[in-house]
Amino acid sequence: MNTEKLEKIQEFIENKHYVALMSLLSQSNEVDIAEILDEETPANALLLFRMLPKDLAADVFAQLSSEQQSAFLNLITDKELVPILDDLAIDDIVDLVEEMPANAVKRILAHASETDRTIINQFLRYPQDSAGSLMTIEYVNLKKTMTVAQALQQIKATGLKKETIYTCYVIDENRFLQGIVSLRSLVLNESDTLIQDIYEEDCIYVHTNDDQETVASVFKKYGFLALPVVDTETRLIGIITVDDIMDVMQQEATEDFQIMAAMQPSEEAYLDTGVFALAKHRIGWLLLLMVSETFTGNIIDRYTDLLATMTVLTTFIPMLMDTGGNSGSQSSTLIIRGLATGEIQQKDWLKILWKELRIAMMVGIILGAIIFAKSYYISRKPLAVSASVGLTLIITVTISKLTGGILPIIAKRLKMDPAIMAGPLITTIVDALSLVVFFNISQWMLF
């Protein structure tokens with residue numbers, strides 16, 4: 001919503017110009033209205049909500065945050081709830097039931113029709129984050145024996161309550177998916193043309209139990225606006241639309257970022273999450289990484305005699321550990337992203353290993369040469385020390401990049417989220433390896 005309109009709404013609220021406010025809200029987009037209501041207190045938000053036209057109110061309610069929806073359910077009457085449920089799409093009602101507390105769910109189900117209750121219970125039986133839990137049953141279905149005129153007539157009669165009319169699904173009498181036909185094809189063909197002559201049999205679909213990441217990758221690959229969902233016998237059960245899958249993509253990306261930052265994933269907004277909840281999400285990984293880093297301390301302790309003899313070596317430890325960790329994080333980030341988008345497959349591990357090896361050698365030699373030159377010519381460190389640092393950096397960068405490139409592939413093969421093998425974990429592993437390499441090379445070159 002543009003700033004000018006937003007300021008007008010705030011002005012009307014403050015001055016209680018409700019007639020002008022009703023007019024302005026009725027001309028606004030449901031997403032913008034929901035954004036305004038989410039910023040208000042439940043009482044003020046409900047006041048604005050009751051000003052909305054009936055056909056707009058349900059759309060706005062579907063866009064509200066779960067917290068505001070829950071507050072509304074506690075404040076609105078049964079008389080107000082029934083028309084909202086009647087106008088909500090079935091997948092929005094299912095999302096509502098999944099997120100609301102038990103008392104609110106009972107109230108929703110009590111005022112839903114018997115048919116809707118049956119459908120809701122069926123949806124709730126699908127695994128969480130599966131195609132079945134994402135789909136809607138509000139789609140246009142046609143028969144092969146229909147003419148274009150009959151098909152358009154059916155779309156006019158039922159399309160208002162459908163999620164999309166741009167793609168129509170051709171099914172037989174037993175609801176087996178036969179193919180698809182676009183609204184463009186219907187409009188551009190003669191009215192007496194049969195659907196069986198213009199529909200596409202080669203139809204991409206997903207199964208009800210497919211993971212939402214699989215569904216997202218299909219949408220990305222083919223650029224669909226909607227995707228049919230079938231059961232094990234290829235009967236059409238529902239469809240998933242692009243707006244729903246965009247939410248999934250955002251959720252999956254957020255989850256990967258949180259895992260890569262060594263946190264337990266959470267779907268709650270940062271500002272809406274309590275301090276104790278955020279601490280709980282972080283402490284587990286931090287504790288694990290802290291314990292893992294004690295191995296680094298044990299390695300240093302093991303070489304205290306070497307460090308006592310050549311204290312100058314300690315000045316290079318932070319640089320070697322940080323460079324190694326950063327090198328591994330670079331590789332792991334690219335591979336994790338490639339796995340998430342489908343650009344990289346598990347079978348590509350040898351190609352990845354070979355490419356990362358060549359990159360590591362190039363980068364390692366350049367960095368090693370630079371640190372050798374700085375140490376020997378600028379800092380005036382002994383030749384043996386400077387050489388050991390440069391050689392260690394080459395080996396460390398090589399090991400780090402190979403580790404960062406291959407560990408996400410191993411995680412994927414073990415049915416784990418590749419994002420686990422991200423920066424913090426890679427850094428912990430590489431820290432220990434870089435110290436072992438550094439101390440052994442230094443000991444060999446100096447003594």
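Guide: Glu98 is found in helix H8; helices here are DSSP runs (H or I, at least four residues) and strands are DSSP runs (E, at least two), numbered from the N terminus. This is a predicted model, in which local features need pLDDT of at least 70, side-chain atom pairs count only at pLDDT 80 or more, and totals for chains, interfaces and linings use all residues. Residues are numbered from 1 along each chain as its sequence is written, and side-chain values use heavy atoms, with hydrogens and water left out.

Visitor: Is Glu98 buried, partly exposed or exposed?

Guide: Buried means under 20% relative accessible area, exposed over 50%, and partly exposed in between (1.4 Å probe, protein chains only). The relative accessible area of Glu98 is 44%, so Glu98 is partly exposed.

Visitor: Which element gives the largest share of the negative patch?

Guide: Patches are made of residues with over 30% relative accessible area (Shrake-Rupley method, 1.4 Å probe, only the protein chains shown counting as cover) and no salt bridge, meaning a side-chain nitrogen of Lys or Arg within 4 Å of a carboxyl oxygen of Asp or Glu. Like charges are joined within 9 Å, and nonpolar side chains (Val, Leu, Ile, Met, Phe, Trp, Tyr) within 5 Å; Asp and Glu count as negative, placed at CG of Asp or CD of Glu. Glu67, Asp95, Glu98, Glu99, Asp243 and Asp247 gather in the negative surface patch, and the elements that give two or more residues are helix H8 (90–99) and helix H15 (242–260). The largest share, 3 residues, comes from H8.

Visitor: Which helix holds Trp354 of the nonpolar patch?

Guide: Trp354, Leu357, Met361 and Ile365 make a nonpolar surface patch of about 370 Å². The place of Trp354 is in helix H19 (residues 349–378).

Visitor: Which residue in E2 is the bridge partner of Asn141?

Guide: Two strands pair if DSSP finds at least two bridges between them. An open, mixed sheet has the order E1-E2-E3, and its edge strands are E1 (141–142) and E3 (177–182). E1 and E2 (residues 167–171) run parallel, joined by 2 bridges. The bridge partner of Asn141 in E2 is Tyr169.

Visitor: Which residue takes a positive phi in the hairpin of E2 and E3?

Guide: E2 and E3 run antiparallel, joined by 5 bridges, and Ile171 stands opposite Leu177 in E3. The hairpin has 5 residues between the strands, and the one with a positive phi near 70° is Arg175.
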